Structures are given as structure tokens and as C-alpha cells.
Amino acid sequence: MAEKFDSLEEHLEKFVENIRQLGIIVSDFQPSSQAGLNQKLNFMVTGLQDIDKCRQQLHDISVPLEVFEYIDQGRNPQLYTKECLERALAKNEQVKGKIDTMKKFKSLLIQELTKVFPEDMAKYKAIRGEDPPT
Amino acid sequence: MGGDRAGQAGMMENFSALFGGAEPQPPAAAAALGFGPGKPAGPGSAPPPTAAAPQSGEDHSRKTAASSGPFYLMRELPGNTELTGSTNLITHYNLEHAYNKFCGKKVKEKLSNFLPDLPGMIDLPGSHDNSSLRSLIEKPPICSSSFTPLTGTMLTGFRLHAGPLPEQCRLMHIQPPKKKNKHKHKQSRTQDPVPPETPSDSDHKKKKKKKEEDPERKRKKKEKKKKKNRHSPEHPGVGSSQASSSSSLR
């Protein structure tokens, strides 16, 4: 899986470097550099062709749209991954807390009900069978 | 008379059918639950909400009610699932390494820290120069499906005027100054004089060099001081001796 990313990354780096060199040529253009400019322009087209070919290998890869917002703001996209993990952990802890609290409540409720309704709670436990109060 | 009695019996049958069958209510259950008289007890006596309720639902509820004994509205527990919120999902999905990598260390804020080799001012928002990815998704550019190389006639459109670009367009080539600072930092390290070393750290060669340089420096400093003292009015003795010597020469 990493290989197809490496191939795409390589093509993108070459494309960006080509564009950068094209920009340098254009920034202070001389008539003698027209041939080089034409070559760079054709490299740009072939570069886009190579990148387009990589698309077939990556058709199953999906990127969340929120990452694009980070990039558009000039922020590191790894911050999105970091925030996702932090949110997942926080939600995990929150739900675990709820589950633990409900379990404690259940055990306390059964305990108190057993004091008040011992016979009924014995029947309840018999019906529930393998679900002993915690 | 017979017809009226038959009609009344039919009405009674319909009346009893509407309000459930003639099931005997268990008196012990009612007493155990502590319900007083006048309150409904047992599932059989409860009237169904609508006459058109599906029969299978009613049968299921009657079965569960019958199996639950005195506990009305007792439902079956949901099936036990292995994966719940009480388990650590990060360890479950083997994301510990990713968590330590992203949340254990400081992740730098800027995009240029993620893509240091990308030229241009990439830390600026994309809305400033219409280079946002969002606009590309919302309004994709209309283009052909294939990429064809540029022909000679097409390339004639790229014949440019000689000379430098105006300053407005030159901003595209400005890169973030981080690399320059690194080089400067490295250069400053090499250009800075050797920091004072402890006697244990210095080599013998450096010691020898320092010994050789130190007396020369001292001599130069002494000569400079002598020159200063000769020309300064604070030392009349030296100045008078110079004057006497100069006069004697004349």
C-alpha cells in the first residue's frame, strides 16, 4: 500500500520541481531560454499524465473533507489526525464512565430492592439467570 | 324474547372480546408487588390500545409477560457484545503507535512544517490567492478528460517578452525563511569563536597554539598601549621624554 503512495509522491515532487524551475525561467526570461520553457511546459503535461495514471491505484482511498479545511487554512493536516484521536479517546472515556456508573447504579438498585422485596428479587434473579447483579 | 336474549349474549361476547380474555388474575403476584385494590395487575386484564394491533406482537408480549412472572413490562436483555465503550478502543484497533506519534509529541502548527520542500508561501490561507482545495471541489474546472502534449503552434502562445517580472508576480518564489535561518544558524556555529573550553576538554595542540598566540597578542597589546600612552596628555613624563628626544634629534 505504501508503494502506490510513494509512486504518487515521487511524481508530485517531480511535477512541483518542474513548476518551480519553470517559474525561475519566467521570472527573468531571455529569448535563449524559450526552448527550455517549451520543454518545461511539455514536462508539465507529461507530469499530469503520470499523476492521472496513479489515480487508478488509489481509487479505494478516501480522504475526509475536514482535512482540506486544515490545508486551506495553512495548518498541518496531522493536527486533524491528532484531534480525531483525542476526540475518540475523550468519547471513549465518557462512554466508559456512563457504563460504569450505570453498572454501579444497577447493583445498588438491586441491593436496595432486595432489602425491601426479597422474594420478588429472588424471582427476578432466577429469571435473569446468568445476569448476576454486580 | 329469545331473539333479544341472543342479541344481548352476542353483545356481551363482543364486550369481553374487546377487553381481553377471561384469564384469572394471580392474587399472589398482586399482593407481592404491593399494588392496592383498584389498580390493574397482570397482563391479561390490560386492554390493547387498538383493535387493529398485530397479533404477533400481542402474542410475543403475552409470552414474555408469562415467562417473566409477576414482573410486568420485563423485557429481554440485549445481547452481549464484546466491543463496547468500556473497552479501550485505541488498543483494540492497534492505534497506540499512532496515538503516541501524534498526541505524545508536539505537532507543529504550520503546513510548511509538514511540507518543508514545497516552494511558495503555503502557510497563507487558500482564500487569499484562490488556491483553496475547497473551491476546487465545489467548482471543479471544466477540462477535457485526457492530457495532450502541446504542439508547436500551441507553444507559440508561450513566447514571452525578455526581462524580469514585475514585483507583484515575484512573490510566488519567496520561500519561508526557515531554511535560511537554519543555514544561518549553522554558519553562525562555524563562524563563532571557539567557546571557552575546560582544561580537560582542550587538546594539546590547541594548548600549544594558544601558548604561541598568547605572547604575540600580549606583545601587540603592549605596543598599542605604549603608543596610546605616548600620545595621551595624561602621561606628561612620557610625552616630555618624547619631546626632549625629538628636540635632541633636531
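Q: Which residue does A:R75 meet in a salt bridge?
A: The side chain of A:R75 meets that of A:E83, with an N to O distance of 3.8 Å, where a salt bridge is a side-chain nitrogen of Lys or Arg within 4 Å of a carboxyl oxygen of Asp or Glu. This is a predicted model, in which local features need pLDDT of at least 70 and side-chain atom pairs count only at pLDDT 80 or more, while totals for chains, interfaces and linings use all residues. Side-chain values use heavy atoms, with hydrogens and water left out, residues are numbered from 1 along each chain as its sequence is written, and chains are lettered from A and ligands numbered from 1 in the order in which they are written.

Q: Changing topic, what is the overall pattern of chain A along the sequence?
A: Chain A reads α-β-α-α-α-α, with five helices and one strand. Helices (H or I, at least four residues) and strands (E, at least two) are DSSP runs, numbered from the N terminus. Of the 134 residues in chain A, 28% are buried. Looking at contacts in chain A with a separation of 6 or more, 44% of them are between residues 24 or more positions apart, a contact being heavy atoms within 4.5 Å.

Q: Now the interface: how many residues of chain A are in contact with chain B?
A: 47 residues of chain A are in contact with 55 residues of chain B. The area buried between the two chains is about 4400 Å², of which carbon and sulfur atoms give 67%; buried area here is the accessible area (1.4 Å probe) that two parts lose on being put together, summed over both.

Q: And how many salt bridges are counted between the chains?
A: Two are counted between chain A and chain B, and A:E69 with B:R134 meet in a salt bridge at 3.9 Å, N to O. A:E69 and B:R134 also belong to a network of salt bridges that takes in B:E138.

Q: Which element gives the largest share of the side of chain A that touches chain B?
A: That is α4(A), which contributes 11 residues. By class, the side of chain A that touches chain B has 21 nonpolar, 13 polar and 13 charged residues. In this scheme Ala, Val, Leu, Ile, Met, Phe, Trp, Tyr, Cys and Pro count as nonpolar, Asp, Glu, Lys and Arg as charged, and the others, Gly among them, as polar.

Q: Which strand of chain B is joined to β1(A)?
A: Strand β1 of chain B, residues 163-164, is joined to β1(A) by two bridges, and the strands run antiparallel; two strands pair if DSSP finds at least two bridges between them. Within this pairing, A:D28 stands opposite B:P164 in β1(B).

Q: Last one, where is B:L73 placed?
A: B:L73 is in the loop between α3 (55-68) and α4 (89-92) of chain B. This residue has a positive phi of about 65 degrees although it is not a glycine, and B:L73 is exposed, at 57% relative accessibility. For background, most residues other than glycine have a negative phi. B:N94 has a positive phi too, near 55 degrees, and is placed in the loop between α4 and α5 (96-104) of chain B, where B:N94 is exposed with a relative accessible area of 67%.

Definitions and conventions: Buried means under 20% relative accessible area, exposed over 50%, partly exposed in between (1.4 Å probe, protein chains only).
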